[in-house]
Amino acid sequence: MKHLIAPSVLAADFANLQRDIEMVNQSQADWFHIDVMDGVFVPNISFGFPVIEAIRKHAAKPLDVHLMIVDPDRYLAQCQKVGASVITVHYEACTHLHRTVQAIKDLGCKAGVSLNPHTPVALLQDIIQDLDLVLIMSVNPGFGGQKFIERTYDKIRALRNLAAGRNDSLLIEVDGGVGPANAAALVQAGADVLVAGNAVFAAADPTEVIAGLKNVSPQIQHA
Ligand code: DX5
Ligand code: ZN
C-alpha cells in the first residue's frame, strides 16, 4: 500500500479555513488530520465540534480525528456525528482502552490509539489485534511546529514487529515534526500515514509539499 498523507488542520489559517481545506481537497493528500486538545491532557486548547462540523462541510476527504483529551469516551458519539472516519484516543488517557476501542468500532469508525513519546509500543501487545491504526507521537503532543524525536524510527520498527502475524493490516501513523526531510526514512521504517502540519501549511507552495511527501522514494517502501 502506498503511504497516506494527512495534513494537520491545526497549522491552517483559521481565518481562511475554507481556502485551506479546498487546497487539501485539490492536492494529493488522503485525509484531514484534526487535532482536538482540551487543555488538560495537553497544555493547549485547539478547537471542538462546531469547527469540525464546519470543516466537514467542505472536506472531500476522510477526517482523521486525534483526541488529545481526558475521558474521550464522553465524546466518541459526537465525533462520529460531526463526520470522523478515524477516531484516535491516547493510550495514556484511557483506563479501559479495550472498551473505548470497541465503542469507536461500534460507531462505525476506524479505531486508533496514540502513544506519547515515552510510552513503549510493547504496551499494545494485548490490544493490537483490535486496532485499525496506531499513531506514534514523534513530539510531545500539544503544539505544532516542534522538533521531531529521532527515537521514533525504532518505535515504528518495533510496532511493525509487534503487529506482524497479529494484525498485518494495522496502519502506523506518525505525527509531529514530519516533513520533506524525514518522510522517506519514516516510510522506509514502516509508517503508513504521515501527518504534517507546519511543513505543509507554512510552505510557500503547500500543494507541492504534499505531492513531495506523497511521492518519496517508492523503491524503498516496505511491502
Ligand atoms: C501535535 C499534533 C500534531 C501537530 C503536528 O500535538 O498532534 O498533529 O499538528 O504539527 P507539525 O507537523 O507542525 O509538527
Ligand atoms: Zn495530531
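Which pocket is the space taken by ligand 1? I looked that up first: the space taken by ligand 1 is the largest pocket. For my own record, a pocket here is an open set of points on a 1 Å grid over the protein atoms alone, with a 1.4 Å probe fitting and protein on both sides within 12 Å along at least five of seven lines. A molecule sits in one if more than half of its atoms lie within 2 Å of its grid points.

**Ground rules**

I am working on a predicted model, where local features need pLDDT of at least 70 and side-chain atom pairs count only at pLDDT 80 or more, while totals for chains, interfaces and linings use all residues. Residues are numbered from 1 along each chain as its sequence is written, chains are lettered from A and ligands numbered from 1 in the order in which they are written, and side-chain values use heavy atoms, with hydrogens and water left out.

**Ligand 1**

I listed the residues around ligand 1 (a heavy atom within 4 Å). There are 20 of them, and D35, G142, D175, G197 and N198 come nearest.

Next I asked which strand gives the most to the shell around ligand 1. That is β2 (32–37), with three residues. I also noted that β2, β3 (63–68) and β8 (193–196) each supply at least two residues of the shell. Strands here are DSSP runs of E with at least two residues, helices are runs of H or I with at least four, and both are numbered from the N terminus.

Then I went through the distances to oxygen atoms of the ligand. I have a polar side-chain atom of D35 at 2.7 Å from an oxygen atom of ligand 1, and one of H66 at 3.3 Å from an oxygen atom. From G142 it is a backbone N or O atom, at 2.7 Å. Taken alone, ligand 1 exposes 380 Å², and the protein buries 99% of that. Those areas come from the Shrake-Rupley method with a 1.4 Å probe.

**H66**

Is H66 buried or exposed? H66 is buried because its relative accessible area is 0%; the cut-offs are under 20% for buried, over 50% for exposed and partly exposed in between, with a 1.4 Å probe and protein chains only. The H66 side chain also makes a polar contact with the side chain of H33, at 3.4 Å. A polar contact is a pair of N or O atoms within 3.5 Å; within protein, one must be able to donate a hydrogen and the other to accept it, and residues adjacent in sequence count only if both atoms are side-chain atoms.

Leaving aside neighbours within four places in sequence, I find H66 in contact (heavy atoms within 4.5 Å) with a list including D35, H90, S114 and D175.

**S138**

S138 is in the loop between β6 (133–137) and α5 (152–163). I put S138 down as buried because its relative accessibility is 0%. Its side chain reaches the backbone oxygen of G176 at 2.7 Å. Not counting residues up to four places away in sequence, S138 touches K147, F148, I149, T152, V174, D175, G176 and V178.

In α1 (17–26), I marked L17, D20, I21, M23, V24 and N25 as buried. Among the elements covering them are β1 (4–7), α2 (49–58) and α8 (206–214).

For α8, I have P206, V209, I210, A211, L213 and K214 as buried. Their cover includes β1, α1, α6, β8 and α7. I jotted down a reminder that an α-helix has 3.6 residues a turn, so residues three or four places apart point the same way. E208 also lies in α8, but I count E208 as exposed because its relative accessibility is 52%.

**Loops**

D71 is in the loop between β3 and α3 (76–81). I stopped at its phi, near 50 degrees, a positive value in a residue other than glycine. Most residues other than glycine have a negative phi. At a relative accessible area of 39%, D71 is partly exposed.

H96 is in the loop between β4 (84–90) and α4 (97–106), and I have H96 as partly exposed, at 47% relative accessibility. The C-alpha atoms of H96 and D73 are separated by 9.6 Å, with the two residues 23 apart along the chain.

Last entry: D192, in the loop between α6 (183–189) and β8. D192 is buried, with a relative accessible area of 5%.

Conventions:
1 Å grid on protein atoms, 1.4 Å probe; cavity = no way out; pocket = protein on both sides within 12 Å on 5 of 7 lines; lining within 4 Å.
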